[in-house]
Amino acid sequence: MKKRMKTITTSLKTLTVLSLVFPVYCFAAEDDIDNTIVADSSGSALQLESMAVTAPVAEATLGGIDIKQLPMASTIINQNEIKRLKFVDPDELLNRIPGETLVRNLRIPNGAKSYTIPLIDGVALGSPLSGATQDFGTDVNPQDIQRIEITKGPTSALYANNAFGGVINVITKGSQSLPEQDTRFWVEAGNYDRYRGGASTKGQVQGIGYLFHASSWNLSAFRDQGRVNDLGIERIIDVGEERHQASGKLIFHPDDLSSLIIRGSYLKDRTSNPGELLQSEFDQDNDQIGRQNGFTENLESYLGSALYERDMFSDGHLTANFNLRFTDAAGLSRFGGPNDDTDVDINGKVMYKHDFSFLDSNIIIGTDIYHGTNDDFNPAEDPEDNTRDDDETRIYAGFAQLQFWPIENVQVTAGVRHESIDLDHKRTESFSGDIDSSTVSFSKTLPKAGISYDYLDNHRVWFAYGEGFLVPTVGQLFTAGRGQANPDLEPEEAQHFEVGLRGVIPLFGRDLTYDTSYYNQTIDNFIVSSQLAEDRARNLNAGKVNVQGVESVVEYQPFDFIRFGITHTYQDNKYRRFIDGNGNDLRGEELSRSPEHHVNGRVAVLPMEGLAIELEVDSLTSYSTRDNSTEDPRGRFDRDELINLRVTYDKGPLEVWFHALNIGDVKEDRVGYNTRARQRSIRTIDGLQLFGGVAYHF
C-alpha cells in the first residue's frame with residue numbers, strides 16, 4: 001500500500017510544476033461548469049463563472065465588487081462542494097484550499113495567534129483576536145452554510161488588521177433572497193460509532209422567508225479512551241463527540257428598498273480527546289490511552305444576529321450587521337488544566353457604500369465595534385488556590401475604502417483602517433480576596449492598496465499591498481502558565497506584498513481555469529514561547545519572521561464524464577532574527593510544522609446523471625518538528641499520503657452517499673517535539689473511516 005501511495009504522490013508532485021503557473025479551484029457539480037467570459041457594468045472584462053471551488057462570481061462580492069475581480073487571493077467554496085464533502089472535521093474541506101496550514105491559521109502555522117478571522121455574514125463570530133481557521137465548523141451549523149468566502153492577507157480595509165493569514169466568511173442560506181419551499185431529512189452511519197442525522201425546512205409565508213435546521217451527531221474514535229488529570233486525580237474518559245445543533249432564520253422585506261434578516265442558533269457539544277502520544281508510546285501501541293494533553297469540554301453556545309440592508313439615495317447602500325454570542329464551556333483544557341469559562345461577545349458593523357459615475361468609482365466607509373467579556377474560574381487541587389480571571393476586550397475600528405477604474409480594464413483599490421484596542425484583566429484570589437488588575441491599550445492606522453489589470457479578455461494580473469497589526473492576547477500578557485506571561489509584549493506588525501494571475505485557457509475545445517499568487521510577508525515583533533528551562537518558558541517578541549509562498553489551483557474537464565483538479569501550496573517560513581531564551585541563534589531556521597509543499601489532487605468521474613465518483617490524494621513534504629531543528633534527533637517528519645474516495649448520487653428528491661476516508665489507514669497526523677520527554681509528540685487521527693448516508697427532499 002505504501003508503494004502505491006508513493007507512486008500516486010510522485011505523479012502529483014509532477015503536476016505541481018503545472019500548478020505553479022496555472023491554478024483554479026477543485027470540483028463543482030456538473031451544472032456549475034460554465035466557462036463564460038462576459039463584460040460587466042464595472043468596466044472589467046473578466047468574470048470567471050467556472051472557478052470550481054467558487055460560487056458564481058455575481059453572488060460572492062466584497063464591497064459590492066465581485067471577489068474574483070479584486071486584487072487579492074481568494075477562494076469561494078460553493079454549496080455543491082459543501083453538500084458533497086459533508087465534512088465533520090473542517091480540515092476535510094480546508095485541505096483542498098491553497099494556504100491552509102497544519103496549525104490553526106491560513107499561511108502562518110502558529111496555534112497561539114489569531115491570524116485568521118472567522119466571520120458569519122461579514123461580521124466576526126466572536127473576538128477578532130481569538131479566531132481560528134476551523135472555527136466555522138463548530139460555531140455554524142453545516143446545514144446552514146450557503147458558501148464560504150476565503151480571502152488571504154491583510155489587504156482589505158473592510159477586515160480587521162490582524163488578518164495576517166486571511167478571513168473565512170461563512171455566508172448562511174437565505175441571506176440574499178426568499179427561499180423556495182423544501183424539506184429535507186437525512187441520516188448517516190459508519191465505523192467508530194459514527195451516527196449523524198438531521199432535518200431542515202425552508203420556504204415563505206405571506207412574504208416572510210424562513211429557514212430552520214436541526215442536527216445531531218455522535219462520534220467515537222480509533223483511540224476510544226484517554227487518560228486525563230482532573231485536579232490531581234488521574235481518570236479515564238471515553239473519547240468522541242456528541243453534538244446537538246439547531247438554527248433558524250426569518251427574512252423580512254419591510255419595503256422595496258430594504259431587507260431585515262434575524263437569525264438564531266444553539267449548540268450543545270461534548271468533546272473528549274485522548275491527547276497526544278509520545279513516540280515511544282505510539283511505537284508500542286498506537287491505540288493506547290494517551291497521557292499527553294488529553295482534554296474534555298462541555299460547551300453550550302447561543303448566537304443571535306440581525307442584518308439590515310437598505311438602498312439609499314439613488315446610488316447608495318447601507319448595511320448594518322449585529323452578532324451576540326454567549327458561550328459557557330467547562331472541562332479540562334488541553335494545556336491549562338480544569339477550567340470553567342463564560343464568554344459574551346458583541347460585534348457590530350455598519351457600512352455605507354456610494355457609487356459614482358466618474359471613473360465607475362465607489363467609496364465605502366464604516367465602523368466595526370467589538371465588546372467581549374470572559375469570566376474564567378480556575379479550580380486548583382487546593383481550594384485555597386482557586387482563582388478567577390475576568391477579562392474585557394474593547395475594539396473600535398473605522399475604515400474607508402475607495403475603488404475606481406481609471407482606464408478600461410484597470411481597477412484600483414485603496415483604503416485605510418484605524419483600530420483602537422483596550423484589554424482589561426482582573427485576577428481574584430478566592431481565599432484571600434486579593435485583586436490584581438491591569439489595563440493595556442493599543443492603536444494603529446494602516447494602509448491597504450491594490451490594482452487589477454485585465455491584459456487579455458480572459459486573463460487578469462493583480463498586485464496588492466497591506467499592513468497588519470496584531471496585539472498580544474490577555475493570556476500572553478497576564479495569565480499564561482509556566483511563567484510564560486509577559487506584560488511587556490509589543491504588538492506584532494506585518495508588511496504584506498502579493499501578486500497574482502487568474503484566467504481561462506482554451507485547451508482542445510475545453511477551458512482550463514487557473515488562479516495563482518505569490519505572497520511575501522514580514523512580521524516584526526513576532527511573539528514566541530521560548531523555553532528558559534526544562535519546565536519553564538516565557539513569551540517573547542522574538543524579532544523578525546518572513547513568510548512567503550506560492551498558492552495555485554488548476555481545473556480542467558476534458559470530457560463531460562471526467563474532470564481533474566490540483567491545488568498546490570509552496571511555503572518558505574523562516575526566522576530572520578531570533579535569539580531564543582537559551583541563547584540559541586535561530587536566524588534562518590524554518591518555523592516548525594511548515595512543509596515546503598502541500599499538494600491536493602482530485603479526479604472525478606461522472607458515469608451517469610447525478611452520480612459522481614471522486615478520488616482525492618493529499619500529500620505533504622517533510623517538516624521540522626521544532627523551530628530549533630537540531631533538537632529532534634530523528635530529523636524531519638514525513639507524513640504518509642491521505643487518500644479519500646467519495647461516491648455521491650444526487651438526483652431528484654433522493655441523495656445517497658458513501659465515503660471511504662484515509663484509505664491508507666494513516667495514524668500519524670501532526671508531529672511536534674516534547675523537550676521535557678526528549679522525544680516526538682504525535683497527534684493521531686482515526687485511520688480508515690467508512691460511512692454512508694441517505695437524504696430525502698419533499
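Let me start with the nonpolar surface patch, to which strands β8 (182–190), β33 (654–661) and β36 (689–697) each supply at least two residues; strands here are DSSP runs of E with at least two residues, and helices are runs of H or I with at least four, both numbered from the N terminus. What we are looking at is a predicted model, in which local features need pLDDT of at least 70 and side-chain atom pairs count only at pLDDT 80 or more, while totals for chains, interfaces and linings use all residues. Residues are numbered from 1 along each chain as its sequence is written, and side-chain values use heavy atoms, with hydrogens and water left out.

The patch covers about 640 Å² and is made by F185, V187, L654, V656, V694, Y696 and F698. V694, which lies in strand β36, counts as partly exposed because its relative accessibility is 35%, where partly exposed means between buried, under 20%, and exposed, over 50%, with a 1.4 Å probe and protein chains only.

Turning to charge, D382, E384, D385, E429, D434 and D436 form a negative surface patch. Patch members have over 30% relative accessible area and no salt bridge, with like charges joined within 9 Å and nonpolar side chains within 5 Å; a salt bridge would be a Lys or Arg side-chain nitrogen within 4 Å of an Asp or Glu carboxyl oxygen. D385 sits in the loop between β19 (362–378) and β20 (387–407), and D385 is partly exposed, at 47% relative accessible area.

As for the whole chain, the secondary structure comes to six helices and 36 strands, and buried residues make up 55% of the 698 residues.

Key
Areas by Shrake-Rupley, 256 points an atom, 1.4 Å probe, with all protein chains shown as cover. Lys, Arg positive; Asp, Glu negative; His and termini not counted. Charge placed at Lys NZ, Arg CZ, Asp CG, Glu CD.
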